[in-house]
Amino acid sequence: TSVAAQELDGQMLDEDPEGALWKQEMISHLYLSREDAMKLPYRVLAIDPTVAKDPKDECGLVVFGSTAEKLLHKRTGYVLADETLKASPETWAQRAIELAIEWQVHGIIVEKNQGHHLVTMALTNVDNSWEKRIFPVNAGQSKALRAEPVSQIYEQKRIKHALPGFPLLETQMLSWEPEITPKSPDRI
């Protein structure tokens with residue numbers, strides 16, 4: 001549950017779940033004009049793919065921007081778009097390329113150990129000019145271990161969500177308790 005659940009579903013919230021990595025006060029929102037967002041020196045599209053033709057899970061499609069200070073701990077990051085959808089690889093690949101073009105991203109980040117060859121092939125079948133801008137990263141640890149340092153950066157208020165915010169993403173963030181939630185959230 002989260003503010004999104006409260007606002008969208010009318011749920012009353014008492015407090016954040018005890019084991020959640022994110023708490024409501026950690027998520028900052030700010031107005032960021034499209035023009036200002038496009039001035040961010042780094043913009044990427046991150047894909048958490050589904051590989052089934054008729055998937056049960058969603059394909060995570062999130063656009064993220066960042067400032068470019070030399071020292072990483074000085075940078076501020078911005079969630080610019082969450083276009084996560086439940087779709088076949090052909091459909092999400094088409095949407096991913098549309099997002100990459102729309103946001104003029106510098107690269108597309110895909111998990112090396114989550115069928116990155118299939119993901120790369122799906123994306124380049126839509127538009128092969130992106131082939132050299134697809135960056136596979138090794139997700140060698142569990143999503144929970146990878147999310148812990150990210151939640152710490154949120155706690156430092158160095159990641160902000162562009163308004164109007166992302167209710168579905170934020171609900172997953174605020175309700176995911178890695179120790180007791182068996183399903184890995186698609187949007188995180």
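Residues are numbered from 1 along each chain as its sequence is written, and side-chain values rest on heavy atoms, with hydrogens and water left out. Because the model is predicted, local features need pLDDT of at least 70 and side-chain atom pairs count only at pLDDT 80 or more, whereas totals for chains, interfaces and linings use all residues.

Buried here denotes under 20% relative accessible area, exposed over 50%, and partly exposed the range in between, with a 1.4 Å probe and protein chains only. In soluble globular proteins, nonpolar side chains tend to be buried together.

With neighbours within four places in sequence left aside, leucine 45 is in contact (heavy atoms within 4.5 Å) with Leu61, Val62, Val63, Ala96, Leu99, Ala100, Val105, Gly107, Ile108 and Ile109. Alanine 96, placed in helix α3, counts as buried because its relative accessibility is 0%. Residues up to four places away not being counted, alanine 96 touches Leu45, Ile47, Leu61 and Leu123.

Serine 28 is found in strand β1 and, with a relative accessible area of 13%, is buried. The C-alpha atoms of serine 28 and histidine 161 are separated by 6.1 Å, although the two residues are 133 residues apart along the chain. Beyond its neighbours within four places in sequence, serine 28 is in contact with Lys157, Ile159, Lys160 and His161. Alanine 162, in strand β7, is likewise buried, with a relative accessible area of 7%. Its C-alpha lies 6.6 Å from that of tyrosine 78, a residue 84 residues apart from alanine 162 in sequence. Leaving aside neighbours within four places, alanine 162 is in contact with Leu30, Leu32 and Val79.

Rings of Phe, Tyr and Trp (its six-membered ring) were taken to pair if their centres lie within 6.5 Å, with planes under 30 degrees apart counted as stacked, over 60 as edge-to-face and the rest as tilted. By this rule the count comes to 1 aromatic pair. The pair, formed by tryptophan 22 and tyrosine 154, is edge-to-face, at 5.9 Å centre to centre and with 90° between the planes. It links distant parts of the chain, 132 residues apart, with tryptophan 22 in the loop between α1 (3–9) and β1 (28–30) and tyrosine 154 in helix α5 (residues 143–155). Tryptophan 22 counts as buried at 2% relative accessibility, as does tyrosine 154 at 4%.

A charge was taken to sit over a ring if NZ of Lys or CZ of Arg is within 6 Å of the ring centre and within 35 degrees of the ring normal. Arginine 34 lies over the face of tryptophan 103, at 3.9 Å from the ring centre, and arginine 133 lies over the face of tryptophan 130, at 3.8 Å from the ring centre.

Most residues other than glycine have a negative phi, and most peptide bonds are trans. The bond from leucine 163 to proline 164 is cis, with omega near 20°, and proline 164 is found in the loop between β7 (159–162) and α6 (167–175). Positive phi values occur at glutamine 104, near 50°, in the loop between α3 and β5, and at lysine 157, about 60°, in the loop between α5 and β7. About 1200 Å³ of space lies in the largest pocket. Of its 37 lining residues, Ala46, Phe64, Val150, Ile159 and Ile188 are the closest to its centre, and the largest share of the lining, 7 residues, comes from α5.

Note on methods
Helices (H or I, at least four residues) and strands (E, at least two) are DSSP runs, numbered from the N terminus. On a 1 Å grid over the protein atoms alone, a cavity is a set of points where a 1.4 Å probe fits but cannot get out, and a pocket is an open set with protein on both sides within 12 Å along at least five of seven lines; lining residues have an atom within 4 Å of a point. Grid points are joined across faces, edges and corners, and a volume is the space filled by probe spheres set on the points.
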